[in-house]
Amino acid sequence: LDGPQDPDKNFCGPTFNDAAAVCSRETNCRTGLNEECPEGEYCWSFIPDCDIKNMPTPAPTISFSPTPAPSPKPQTDIPTAPRPTDSPITKDDIRNFFFCGNDWMDA
């Protein structure tokens, strides 16, 4: 079949029976297009008992090469913040004694 079908049930093979016999994650042709298959093979859809969702996932690869060690000190300078500015009013300014509220306790 040439065209999109159920992408989880599309597999490459020279014949429908061959595609059914070797269906695997490697032979899956998600687009449903023959161009996705090796030369001489076609993309077949709706193969019984071939559904990529029911196939085991590939085993994870193991890398034996070590990862780089952390650097002995930070590679960038620690940023410094500017000094806080002084208050625009002094501690004895009358505006320091005005508060909003319904009564003294609320304010």
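Modeller: Let us begin with accessibility, where a residue is called buried under 20% relative accessible area, exposed over 50% and partly exposed in between, with a 1.4 Å probe and protein chains only. By that scale Cys-43 is buried, with a relative accessible area of 0%. Please keep in mind that this is a predicted model, in which local features need pLDDT of at least 70 and side-chain atom pairs count only at pLDDT 80 or more, while totals for chains, interfaces and linings use all residues. Residues are numbered from 1 along each chain as its sequence is written, and side-chain values use heavy atoms, with hydrogens and water left out.

Colleague: In which sense do strand 1 and strand 2 pair, and over how many bridges?

Modeller: Two strands count as paired if DSSP finds at least two bridges between them. Here strand 1 pairs with strand 2 (residues 42–45) in the antiparallel sense, over 4 bridges. Within this pairing Asn-10 stands opposite Ser-45, and Phe-11 stands opposite Trp-44.

Colleague: How many disulfides does the structure hold?

Modeller: A disulfide is a pair of cysteine sulfur atoms within 2.5 Å, and the structure holds 3 of them. Counting the bonded cysteines along the chain, the pattern is 1-4, 2-6, 3-5.

Colleague: Which parts of the chain does the disulfide of Cys-12 and Cys-37 tie together?

Modeller: The sulfur atoms of Cys-12 and Cys-37 are 2.0 Å apart, and with -80 degrees about the S-S bond this link is left-handed. Cys-12 lies in strand 1 and Cys-37 in the loop between helix 1 (16–21) and strand 2, so the pair ties together parts that are 25 residues apart in sequence. Both Cys-12 and Cys-37 are buried.

Colleague: What is the handedness of the disulfides of Cys-23 and Cys-50 and of Cys-29 and Cys-43?

Modeller: Cys-23 is joined to Cys-50 with an S to S distance of 2.0 Å, and the torsion about that S-S bond is about -75 degrees, so the disulfide is left-handed. This pair links distant parts of the chain, since Cys-23 is in the loop between helix 1 and strand 2 and Cys-50 is in the segment after strand 2, 27 residues apart. For Cys-29 and Cys-43, whose sulfur atoms are 2.0 Å apart, the value is 90 degrees and the link is right-handed. That pair also links distant parts of the chain, with Cys-29 in the loop between helix 1 and strand 2 and Cys-43 in strand 2, 14 residues apart.

Colleague: How many salt bridges are there, and which residues are joined into one network?

Modeller: A salt bridge is a side-chain nitrogen of Lys or Arg within 4 Å of a carboxyl oxygen of Asp or Glu, and by this rule the count comes to 5. Among them is the bridge of Asp-51 and Lys-53, at 3.9 Å from N to O, where Asp-51 is buried at 12% relative accessibility but Lys-53 is exposed at 58%. Another joins Arg-83 and Asp-86, also at 3.9 Å, and both of these residues are exposed. Salt bridges that share partners join Asp-8, Arg-30, Asp-51 and Lys-53 into one network.

Colleague: What should I know about phi, and what is its value at Phe-46?

Modeller: Most residues other than glycine have a negative phi, and most peptide bonds are trans. Phe-46, although it is not a glycine, has a positive phi of about 55 degrees, and this residue is in the segment after strand 2. Phe-46 counts as partly exposed at 48% relative accessibility, whereas Asp-49 counts as exposed at 82%.

Definitions and conventions. Helix = DSSP H or I, 4+ residues; strand = E, 2+ residues; numbered from the N terminus.
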